[in-house]
Amino acid sequence: MNIELLLQLHPPKGTLLHYLKWILSNPIPRIPLYEAVGYVGGVTKVLWHREGQFQTQMFIMPPNYIIPEHTHPNVDSFEVYLGGQISFSHSGYFVIKENTFNKTTITGENVGNWSIVQVNHNDKHGGVIGEHGGVFLSVQKWLNGVKPHCVACDYEGQTMNQQHLESVKYGEATCNFPYSIADAASKEVL
Ligand SMILES: [Fe+2]
């Protein structure tokens with residue numbers, strides 16, 4: 001899905017899709033006073049907005065980074081690619097087909113900017129970040145009565161590194177750092 005398609009939709013209130021449309025229609029974020037900025041596994045996180053079971057986090061990814069495949073047991077989400085060099089994976093394959101590492105528009109943005117990937121709580125996903133780093137929004141609905149906290153701490157699978165492993169609050173997580181690209185997209189033929 002992309003932003004143009006999303007803005008044509010009229011999803012029911014109270015749904016994650018409705019929240020996603022609201023977030024992307026209000027480009028000035030409502031960053032709270034508390035928990036505004038933090039770090040998880042060397043990744044910078046910004047608490048963009050939180051209300052009830054809905055939350056949006058911005059993740060600023062360092063250069064040359066691998067997010068191994070994982071799930072978030074208590075979170076349905078949309079990952080919105082804002083810029084830089086990110087290849088997201090979903091269900092074992094890389095999902096944004098444009099050349100997300102090198103193909104730019106006339107203003108230097110990436111052709112895939114504002115691409116949106118739906119990641120439900122049981123969907124395996126991951127990512128590879130290139131040498132210029134990357135930025136994305138994670139737009140979330142928290143499930144099972146769990147109050148929103150950092151999505152990277154509600155985590156099943158291999159964590160990004162040891163520091164990340166130690167921050168996981170819920171889920172069966174392990175760490176086998178360092179990783180290869182295959183760890184981010186296990187069904188992809190590389
Ligand atoms: Fe994730």
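Trainee: Where does phenylalanine 101 lie?

Mentor: Phenylalanine 101 is in the loop between strand E6 (93-94) and strand E7 (116-119). Helices (H or I, at least four residues) and strands (E, at least two) are DSSP runs, numbered from the N terminus. Residues are numbered from 1 along each chain as its sequence is written. This is a predicted model: local features need pLDDT of at least 70, side-chain atom pairs count only at pLDDT 80 or more, and totals for chains, interfaces and linings use all residues.

Trainee: Why does phenylalanine 101 count as partly exposed?

Mentor: Because phenylalanine 101 has 17 C-beta neighbours inside 10 Å. A residue is buried if 20 or more other C-beta atoms lie within 10 Å of its own, exposed if 12 or fewer, and partly exposed in between, with C-beta atoms placed from the backbone.

Trainee: Leaving aside neighbours within four places in sequence, what is phenylalanine 101 in contact with?

Mentor: With that exclusion, Gln85 and Gly130. Contact here requires C-beta atoms, placed from the backbone, to lie within 7 Å.

Trainee: OK, strand E8 next. How many of its residues are buried?

Mentor: 13 of the 18 residues in E8 (residues 125-142) are buried, making the strand mostly covered.

Trainee: And which way do E3 and E8 pair?

Mentor: Strand E3 (residues 54-61) pairs with E8 in the antiparallel sense, over 8 bridges. Two strands pair if DSSP finds at least two bridges between them. Phenylalanine 54 stands opposite lysine 141 in E8.

Trainee: How many bridges join E5 to E8?

Mentor: 14, with strand E5 (residues 75-90) running antiparallel to E8. Isoleucine 86 has isoleucine 129 in E8 as its bridge partner. Strand E4 (residues 65-71) is also antiparallel to E8, over 4 bridges, and there tyrosine 65 stands opposite isoleucine 129.

Trainee: Changing topic: which residues of the largest nonpolar core touch the most other members?

Mentor: Met61, Val80, Tyr81, Ile86, Phe136 and Val139, out of 32 residues. Helix H2 (16-25), E3, E4, E5 and E8 each supply at least two residues of this core. A nonpolar core is a set of buried Ala, Val, Leu, Ile, Met, Phe, Trp, Tyr and Cys residues joined through C-beta atoms within 7 Å.

Trainee: Which residues are buried in H2?

Mentor: Tyr19, Leu20 and Ile23 are buried in H2. Down the axis of H2, its buried residues fall within an arc of 105° (taken from the directions from the helix axis to the C-beta atoms), so they line one face of the helix.

Trainee: What do those buried residues of H2 pack against?

Mentor: Helix H1 (3-8), strand E2 (43-51), E3, E5 and E8.

Conventions: Contact = placed C-beta atoms within 7 Å.
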